[in-house]
Amino acid sequence: MLTLDTVYQAAFALKAVARCTDLIRAPRMFPDEEVYLKTENLQVTGSFKLRGAYYKMSKLTDDQKRKGVVACSAGNHAQGVALAAQRQGINALICIPEGAPISKVEATRSLGAEVELVKGVYDDAYNRAVDICRETGKTMIHPFNDEDVIAGQGTIGLEILQQLPDVDAVIVPVGGGGLIAGLAYTMKTLKPTIKVYGVQAAGAASMVHSLELHKVDSLESVSTVSDGIAVKCPGDLTYSYTEKYVDKVVTVTDDEVACAILSLMESQKLVAEGAGAVAVAAAMFGKVDIKGKKVVCLVSGGNIDVTILSRVINRALLRQGRYADFTVALADKPGQLVEVASVIAKHGANVVGVYHERGGSDTDLNSCTLRVCIETRDHNHVREIKKALAAAGYTIVAELV
């Protein structure tokens, strides 16, 4: 069973490898509230996952260490296991779905682990890892449903209480549940008055689903930009601790997560992946009551796939009204493009893209369209520009929302 002694033992073991990450206030993001960020995105390997993996492996017997370990992951857990194995001289084999980003595969290899790419999705890679354990006697390092892994993640709770003893509430990302299970158990045991809130992506709300049913249950599918918490089914252990110690689990949309990622970059100069930003999103969009409280948002990881970063930023700008993309119907005659651009410039927006197209076979011979992409201040500014275009006689026929 998980005990405080186990969590303290994990904290001692982790002194050799993990950082005590900074707890920083975020006044620019939350000027009217006292909100702090626990920066696990600045942890070694870029996420909290190292904590649980290292502690679990430190408790293996000499025979288990000699046989080696197996893990299944397409991201942060893979890198955590790889580094933990490297530091302890253990052979590690990581099964990764073949569609995983090349950058994450190479990051895992660079830490000394052997990688086996498995056809299919995460479940296929997990099944392959189970087969390898059965065939070779290697030990499976589960990403969340293991009490030693949970204890390792619980060390974050010890750090928060040391850094901010009078904390009122903590907001924590939830995927399979190992992080919130360890943190909630630790912090509630040491400070029963504290509130612990979990956050899931709306497109992968497996813990919310299970809590509603009062039993562990699996979703048919998951879809979210927060790939690090895209888990179909929580663990039985993590569900049990969550049900007992967590006050509430809420959800956030991908658009809200995108806004949180952008806000962290602009206001705090911190890069967070989708899973790492969900706690901040919950605070930003009122999913959790933070008024008048000392609140810690756990930024659990920063390993965002750079190939989608620009799309995330553009989505956030669109959501905040700082970017607009619409198509205007024009008559095909000289001066139309200049007039549209003049209206936009007169109202203080910046044109960043223009796409002019003459009508197709099913449209008026004299018609054409002009798609414009502009930088704006907010939604009111966008409405002002659209109203001005309408007053000038132009019709907006399509809009990116």
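**Around K287**

Modeller: Start with K287. Its contacts (heavy atoms within 4.5 Å), leaving aside neighbours within four places in sequence, are V250, T251, V252, E256 and A282. Before going on, a word on the source: this is a predicted model, and local features need pLDDT of at least 70, side-chain atom pairs count only at pLDDT 80 or more, while totals for chains, interfaces and linings use all residues. Residues are numbered from 1 along each chain as its sequence is written, and side-chain values use heavy atoms, with hydrogens and water left out.

Where does K287 sit? It is in the loop between α12 (274-284) and β10. Is K287 buried, exposed or partly exposed? Its relative accessibility is 26%, so K287 counts as partly exposed. The cut-offs are under 20% relative accessible area for buried, over 50% for exposed, and partly exposed in between, with a 1.4 Å probe and protein chains only. Now look along the chain. K287 and Y197 are 90 residues apart, and their C-alpha atoms are separated by 9.8 Å.

Of its 6 residues, 5 are buried, so β10 is largely enclosed by the rest of the structure. Which strands pair with it? Strand β2 (residues 34-39) is one of them, parallel to β10 over 6 bridges. Two strands count as paired if DSSP finds at least two bridges between them. L37 has C297 in β10 as its bridge partner. Strand β7 (residues 169-173) also runs parallel to β10, joined to it by 3 bridges. There, V170 is partnered with V296 of β10.

The buried residues of α9 are S206, M207, V208 and S210. After α9 comes H214, with a positive phi near 60°.

Another spot worth a look is M265. It belongs to helix α11 (residues 254-268). With a relative accessible area of 25%, M265 is partly exposed. Leaving aside neighbours within four places in sequence, M265 touches L270, L309 and I313. I313 is 48 residues away along the chain, and its C-alpha atom is 9.8 Å from that of M265.

Next, a sheet elsewhere in the chain. It is open, has 4 strands in the order β12-β13-β11-β14, and its pairing is antiparallel. β12 (350-358) and β14 (395-399) are at the edges with a single partner strand each, so one side of each has no neighbour in the sheet. On average, neighbouring strands of this sheet are turned by 30° against each other, direction ignored. Inside it, β11 (residues 323-331) and β13 (residues 367-375) pair antiparallel over 9 bridges. A331 stands opposite S367 in β13. Helix α14 (residues 336-346) packs on the sheet and touches β11, β12 and β13. Its direction makes about 30° with that of β13. Such angles run from 0 to 180 degrees between N-to-C directions, and axes are lines fitted to C-alpha atoms, for helices over the stretch in contact.

A second open sheet is parallel, with 4 strands in the order β5-β4-β3-β6. Its edges are β5 (114-118) and β6 (139-140), each with a single partner strand, so one side of each is left without a neighbour in the sheet. β3 (residues 69-72) and β4 (residues 92-97) run parallel, joined by 4 bridges. C72 is bridged to C95 in β4.

α2 (residues 49-58) packs on α4 (residues 76-88) at about 40°, with axes 8 Å apart. The two are therefore oblique to each other. Under 35 degrees would be roughly parallel, over 145 roughly antiparallel and 65 to 115 roughly perpendicular; the rest is oblique. Residues of α2 in the contact include L50, A53 and Y54, and those of α4 include G80, V81 and A84.

Finally, the whole protein. It has 15 helices and 14 strands. Of its 401 residues, 54% count as buried. The C-alpha atoms fill a box of roughly 80 × 50 × 40 Å along the principal axes.
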